[in-house]
Amino acid sequence: MSTQNIITVASGKGGVGKTWFAITLAHAFAQRGENILLIDGDLGLANVDVQLGLAPSHDLGSVIAGQVALEDALTRVETGNKNAGSFDVLAGKSGSGVLSALSHAEVANLHQGIQSLASQYDRVIVDLAAGVDANVLQLCEHNGTTLTLVNGEPTSLTDAYALIKLVHMNHPHADLRVVANMAEDKADGQRIFGALNKACATFLDINLTSAGIIPRDDTIRDTIRHQTALLYRHPGSKAAQAVLKIAENLIVSAKKTTAPPTSRKSA
Ligand SMILES: Nc1ncnc2c1ncn2[C@@H]1O[C@H](COP(=O)(O)OP(=O)(O)OP(=O)(O)O)[C@@H](O)[C@H]1O
Ligand SMILES: [Mg+2]
């Protein structure tokens, strides 16, 4: 089963911007006409539905309880503007914490279900929990891309390193890319990426790819407070433009890896 179209959004450290970024990335792909599924994979403290102001009829909790199938638990998100793109969300169970105690078999089932569902979409984006526990690592096992968000704080860098180390150990061919978030400017973003990449090259012998840099931007907080989408509320903001660029880069690099080899003319 090909799962190259799955993107997991991880960080190690909490509160570095995974959820708003995952939502905005989903929206960015949807604006380009892609058929997108966004999954709230933060099994302990789901937030996607809260950040988007959704009231889902079903969520992952109903799926785990056996009340509905995964594909019947989706909520369609209309982003407020008919030209702005809509996408599907598999909501978590916000405010309950019940999914934090899933058994290994239940998470394995969910993992399998996500992989099956991926064949029906152009791309599936999974917003993960903070930390490096077994659930987070299991959801990072696919042939797509893991985007690790990191900011300039030492704890964010060390936690991102720990996450990357474990994902790499479980899945040595993982496509590991980094998003430097809350950067003061481009040079700061490059410094953040450089610090993480240097540690991974020195101690793990792996070279990371930079997926992009997102500046610190107050429009994100405003968007979350209004429980809406950044590309709808502040489409011209620096953070929105940065995510659009990251989406564009991901599309271009995916095309490069899936393009058939160019035939060589015989002499
Ligand atoms: N580039 C940025 N500029 C300014 N504020 C930001 C930026 N990125 C994230 N934030 C702020 O960081 C906070 C946390 O964001 P978010 O909930 O998306 O993080 P998270 O990594 O999903 O957290 P958790 O680990 O708890 O799931 C939000 O209040 C958001 O406004
Ligand atoms: Mg989150």
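Mentor: Ala, Val, Leu, Ile, Met, Phe, Trp, Tyr, Cys and Pro count as nonpolar, Asp, Glu, Lys and Arg as charged, and the others, Gly among them, as polar. This is a predicted model, in which local features need pLDDT of at least 70 and side-chain atom pairs count only at 80 or more, while totals for chains, interfaces and linings use all residues. Residues are numbered from 1 along each chain as written, with chains lettered from A and ligands numbered from 1 in written order.

Trainee: How many residues of the shell around ligand 1 are charged?

Mentor: The shell comprises 20 residues (C-beta, placed from the backbone, within 6 Å), of which Gly14, Gly17, Lys18, Thr19 and Ala130 are the closest. Besides eight nonpolar and seven polar residues, the charged ones number five.

Trainee: Which elements each supply at least two residues of that shell?

Mentor: Helices (H or I, at least four residues) and strands (E, at least two) are DSSP runs numbered from the N terminus. The suppliers are α1 (18–31), β7 (175–183) and α8 (218–225).

Trainee: How is α6 placed relative to α7?

Mentor: Helix α6 (residues 154–170) and helix α7 (residues 186–204) pack with their axes 10 Å apart, at about 40°. Angles under 35 degrees would be roughly parallel, over 145 roughly antiparallel and 65 to 115 roughly perpendicular, the rest being oblique. Therefore α6 is, relative to α7, oblique.

Trainee: What is the mean pLDDT of the protein chain?

Mentor: This score is the predictor's confidence in each residue, from 0 to 100. While 94% of the residues reach 70 or more, the chain's mean pLDDT is 91.

How values were computed:
Axes are lines fitted to C-alpha atoms, for helices over the stretch in contact, and angles run from 0 to 180 degrees between N-to-C directions.
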